[in-house]
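Dear colleague,

I am passing on a structure for you to look at, and my notes on one part of it follow below. Please read them with the coordinates open beside you.

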Amino acid sequence: MKSANFLKENNARSLWHPMAHPADSQANPPTIVTGGSGVRITDVDGHEVVDAVGGLWNVNLGFSCDPVKKAIADQLDKLPYYSTFRGTTNDAVIELSEELRDFFAPDGLSRAFYTSGGSDSVETALRLARQYHKIKGEPGRVKYLSLKKGYHGTHTGGASVNGNANFRTQYEPLLPGCFHIPAPYTYRNPFNETDPETLAGLCLMALEDEIVFQGAGTIAAFIMEPILGAGGVIVPHKSFMPGVREICSKHGILLIADEVITAFGRTGSWTGSRHWGVQPDLMCTAKAITNGYFPFGAVMIADGVAEVFEKDTSGAAAIGHGYTYSGHPVGAAAALACLAETKRLNVPENAAARGAELFAGLQAIGSQCVVCGDIRGGQGLMCALELVADPKTKTPIDKATIGKVQEIAYQAGAMVRVSGPNIILSPPLVLTADDVQVILSALGAGFRAL
Ligand SMILES: Cc1ncc(COP(=O)(O)O)c(C=O)c1O
């Protein structure tokens, strides 16, 4: 490994970072992370902190998960790659598919289509949804509905259903036929409604209204995150997702649950859909499926959708979609080990308990702090603080002030993530109660410095 001086001199010089302005990365070089152990990371200067970001919502079991590391190393020795395109497969991916079928049985999902990550999973689900309707003889069902504030990755299909202009404007024109519904976001919404249940009802009415306006027969699918993550941890009322399910079923529209961050325990339930008592038609997963150690994902498919494809005799169900790395044996081996460890540790239980402590601590911090406009969480280990310059006008906080909170928190022992006006917390699900206190005290120091 090169010296610390080499790394610092060349930081952001010859690479462009995702979700950053290249000039900004050069002017304000990113933190160089060189080590990870348990729920902690260490930077190039040897400073160690609790990673309250959990990698990027994906290192659910922490950085020292030996069974996953060993599975990857063993698989690299045995078979480092083989394709699953028509005509070949590998042993690891067959075994994984059976495990996933059991794991997702309560969600009504029984088949897997493998991908290299979350954006791929979203793209796959959107495409399979259109194909499903074509096989069924409704080729006019091509449109997609989604939520404002939703995040569905950055492929063109995903960006088109994405509900945040930051990920859209510079890449327009996007896919035609994508329409957005207001999110059940109590702090800011076009109805000026603060009651979560009433707001959920209004958003459902907006959904139904849009379906009637577009014509149900033109719509392929509605895609949503059970809890909106990157948009700032927006937690819908418990009536919302079941309401969406009912409306979609009534109109023959497929429901795609984008569970790239919520599958595998983050919400305190095994999946976000199960958390709300909903069975989707398609579910996008990635991230924690391998604990972030290998780029991998799976779209899970409901029995009813699978049947339409598998019973087709016309040829329309031939899948003209897939990735070189779909069903990668190393990813599959990592996922098998990760799933076993996730179940053995019963991570949703810890996510729920630690998440409740973290949320309570954040509410205590927020009550002392005028810039904390809204504090969101309470469903497992995903929380956000939305900062405002003025709580009366809800003017979003400026970049420098929120950056200062992040920097001081980092110096005081916790890596937290800033996304627009939000501080987002998504720590590993194996966090201890002491680790929660480290995060809270570091954030407290950040706010006291303002
Ligand atoms: C809900 C959701 N969908 C899709 C994605 C895209 O995943 P990836 O970055 O692995 O492509 C993300 C990433 O954070 C996500 O949170």
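Two strands are said to pair here if DSSP finds at least two bridges between them. Please keep in mind that this is a predicted model.

On that basis, strand β4 (residues 109-115) and strand β10 run antiparallel and are joined by six bridges, with Ala-112 standing opposite Met-300 of β10. Strand β9 (residues 282-285) also pairs with β10 in the antiparallel sense, over four bridges, and here Met-283 is the residue that stands opposite Met-300. Strand β9 in turn pairs with β8 (residues 254-258) in the parallel sense over three bridges, where Cys-284 of β9 is the bridge partner of Asp-258.

These strands belong to an open sheet of seven, in the order β4-β10-β9-β8-β7-β5-β6, and its pairing is mixed. Its edge strands are β4 and β6 (178-181), each of which pairs on one side only. Direction ignored, neighbouring strands of this sheet are turned by 20° against each other on average.

How many of the six residues of strand β10 are buried? Six of the six in this strand (residues 297-302) are buried, so β10 is largely enclosed by the rest of the structure. In a regular strand the side chains alternate between the two faces of the sheet. Helix α5 (residues 91-103) lies across β4 and β10, and runs at about 140° to β4.

With best regards

Terms used:
Residues numbered from 1 in each chain as written. Predicted model: local features only at pLDDT ≥ 70, side-chain atom pairs only at ≥ 80, totals over all residues. Buried ≥ 20, exposed ≤ 12 C-beta atoms within 10 Å, placed from the backbone. Helix = DSSP H or I, 4+ residues; strand = E, 2+ residues; numbered from the N terminus. Axes fitted to C-alpha atoms, helices over the stretch in contact; angles between N-to-C directions. Contact = placed C-beta atoms within 7 Å.
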